[in-house]
Amino acid sequence: LSKAGLVQALRNPNKTFTIFAPTDSAFSYPHLERETDTNERCTVSVMKHHIIDHKICSSAIPQFAKSLNMIGELLSLSRDEYNKLYVDDVQIVVKDLVATNGVVHIIDGVLSTRQAKSASEVLEEYGLNEFLSLLEAANLKKLYDSFENVTFFIPSNEAIRAVPAGLLDSLMSNINTLFSVLLYHVADGTAQIKMPEQIFNSKLQNTSIKVQVHSSVRDKVDIVDPDKFGMSDPYESFTKQNS
């Protein structure tokens, strides 16, 4: 909490908090120690993921409920048939350590948050293996994982398989061009789509990405200047169903 700069915030007498505090042994995994030691943003996200900005004592936890944490993600709270309590399937081993402005529950694991995951880990989680293979071929995986405050526009596996075989083979045989294409799928900043058409600066120098929200049931992301990579027609790089 000190490393994440949250100690003073949690001392605020005018607010109440619920903290799910992992045991010391829960932080002993090498990859977690490495991330929290070297990545300040990761540390802040992990810590805030364990905090709810209101008080929830164990007696208030029903069989199943959800509550938003400090980074806006939902935590699942549950009680099993043996009266054991869990948060996101991690067991609460010591409950109701009451403080002047909240309560602490000790848990036997670290809660996982997508905000603390690297780009490649998220791609793996969602099974976007075709794009991962391209990243590895271009030796871009480490660079993707190092980006901060960016938006990734990731083609689905189906979209990549739909690329003409000759074009894909050409990209795979020209790593510099493949590198440029993949870098072009990263936009500076966190893209919030608020208008029918918006343009974002790409990580590829002197290029931009045009995002168009269509009135149909799908969002379509079109690439500006596709002929920069030898493509004569615009192509759809990313689609998703509207929620």
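**Helix packing and sheet order in a predicted model**

Helix α5 (residues 129-137) packs against helix α9 (residues 175-183) at an angle of about 130°, and their axes lie 9 Å apart, where axes are lines fitted to C-alpha atoms over the stretch in contact and angles run from 0 to 180 degrees between N-to-C directions. This angle makes α5 oblique to α9, since angles under 35 degrees count as roughly parallel, over 145 as roughly antiparallel, 65 to 115 as roughly perpendicular and the rest as oblique. Phe131, Leu134, Leu135 and Ala137 of α5 make the contact with Ile175, Leu178 and Leu182 of α9, contact meaning heavy atoms within 4.5 Å.

The model is predicted, so that local features need pLDDT of at least 70 and side-chain atom pairs count only at pLDDT 80 or more, while totals for chains, interfaces and linings use all residues. Residues are numbered from 1 along each chain as its sequence is written, and side-chain values use heavy atoms, with hydrogens and water left out.

The secondary structure of the protein comprises nine helices and 13 strands, taken as DSSP runs of H or I with at least four residues for helices and of E with at least two for strands, numbered from the N terminus. Seven strands form an open sheet of mixed pairing, in the order β2-β1-β7-β6-β5-β4-β3, two strands being paired if DSSP finds at least two bridges between them. At the edges stand β2 (51-52) and β3 (64-68), each with a single partner strand, so one side of each is left without a neighbour in the sheet. Strands β6 (residues 90-99) and β7 (residues 102-107) run antiparallel and are joined by five bridges, with Ile92 opposite Ile107 in β7.
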